[in-house]
Amino acid sequence: MQHIKRITLMLAISGGFIAGTAFADNAYNGYAIEAGGKPVVASNGACVRGGRPDTDGAIPAYCAPQPAPVAVKPAPAPAPVPAPIAPVERTVLVSKPITITGINFKFDSYKLLDHDIRVLDEVADFAKNHPTAVLDVNGYCSKVGSYAYNLKLSKLRAQSVAQYLANHGVSNDRMVLKGHSYNDPVASNATSQGRFLNQRVEINSNIKVQKTVQ
């Protein structure tokens, strides 16, 4: 009986050795496999090691550790576009030049004509409406005769205009008088009409007006 048991034990050991050899020859050498020949995979997805250490061999592709997924950083949100800044508007006072023309004289005369009176009445009203405005009264002549004679005549024409304005409420300290002889013509002195236009008085001034700026 004991002899029969020893034979059975030897057969069992021999069968285990053969099974171990078959395991080592499997395509998944060095890893535990199921009955169907597939590797045993743990819950974390890794193949379970098995067999003898000296027969592990290379890691099968199926059981090769996969690289950890690279975390992709989300693209940064675009910077918000700043709202346009509304321009700041403010109201300031600026100088506005005023030139009054249409005051003309006959040849070699500084006597005011009827149309001069109408223009000067408008100048007087302008001065009342703008009490801080200073009036520059400039007299001119046509180029007939000497410069010196026409310089004197141009001053007399400026004085004639200033006297009328003073008589109509414009104080003398608001008027600056100057004669220019036959300088700065506005028309040709070759014709009578051109000479008439050059025999004149111009009034220049500046007023303060409101202007909206940014």
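Analyst: Happy to. Let's take helix H3, which has 21 residues and reaches 30 Å from its first C-alpha to its last, close to the 30 Å expected at 1.5 Å a residue. Please keep in mind that this is a predicted model.

Among the elements of the protein chain, H3 has the highest mean pLDDT, 96, while helix H1 (residues 2–24) has the lowest, 40. Over residues 2–28 the pLDDT is below 50, and beyond near neighbours in sequence this stretch has 18 contacts in the model. Where pLDDT is low, the predicted coordinates should not be read in detail. For the protein chain as a whole, the mean pLDDT is 77, and 67% of the residues reach 70 or more.

Now for the setting. The protein chain has four helices and four strands, and along the sequence they follow the pattern α-β-α-β-α-β-α-β. Of its 214 residues, 29% are buried. Contacts between residues 24 or more positions apart account for 68% of those with a separation of 6 or more. The exposed surface comes to about 14,800 Å², and carbon and sulfur atoms supply 60% of it.

Which residues of H3 are buried? They are Asn150, Leu153, Ser154, Arg157, Ala158, Ser160, Val161, Ala162, Tyr164 and Leu165. As background, an α-helix has 3.6 residues a turn, so residues three or four places apart point the same way. That is a handy thought to keep while you look along the buried positions of H3, including Asn150, Leu153, Arg157, Val161 and Leu165.

Two of these residues also stand out in the largest nonpolar core. That core has 24 residues, and Val161 and Leu165 are among the six that touch the most other members, together with Ile103, Leu120, Leu135 and Ile203. Helix H3 (147–167) supplies at least two residues of the core, as do strand S1 (90–104), helix H2 (114–129), strand S2 (135–139) and strand S4 (200–213). The largest share, six residues, comes from H2.

Val201 lies in strand S4 and counts as buried, at 0% relative accessibility. The C-alpha atoms of Val201 and Val161 are separated by 7.8 Å, although the two are 40 residues apart along the chain. Val201 touches Arg157, Ala158 and Val161, and its other contacts include Ile100, Ile103, Phe105, Val137, Asn138 and Gly139, again not counting residues up to four places away.

Pro97 is found in strand S1 and is exposed, with a relative accessible area of 61%. Its C-alpha is 6.6 Å from that of Ile207, 110 residues away along the chain. Pro97 touches Ser205 and Asn206.

A search of the whole structure finds one aromatic pair, formed by Tyr147 and Tyr182: it is edge-to-face, with 5.2 Å centre to centre and 90 degrees between the planes. Tyr147 lies in H3 and Tyr182 in the loop between S3 and H4, so the pair ties together parts that are 35 residues apart in sequence.

Most residues other than glycine have a negative phi. Ser181, however, has a positive phi of about 55 degrees although it is not a glycine, and Asp184 likewise has a positive phi of about 55 degrees. Ser181 sits in the loop between strand S3 (175–179) and helix H4 (192–198), and Asp184 is placed in the loop between S3 and H4 as well. Are they buried or exposed? Ser181 counts as buried, at 0% relative accessibility, whereas Asp184 counts as partly exposed, at 48%.

Finally, what follows H3? Gly169 does, and its phi is positive, near 95 degrees.

Methods. Residues numbered from 1 in each chain as written. Predicted model: local features only at pLDDT ≥ 70, side-chain atom pairs only at ≥ 80, totals over all residues. Heavy atoms only, no water. Core = buried A, V, L, I, M, F, W, Y, C linked by side-chain atoms within 4.5 Å. Buried < 20%, exposed > 50% of the residue type's maximum accessible area, 1.4 Å probe, protein only. Contact = heavy atoms within 4.5 Å. Areas by Shrake-Rupley, 256 points an atom, 1.4 Å probe, with all protein chains shown as cover. Expected span 1.5 Å × (residues − 1). pLDDT = per-residue confidence, 0-100. Phe/Tyr/Trp six-rings, centres within 6.5 Å; stacked < 30°, edge-to-face > 60°.
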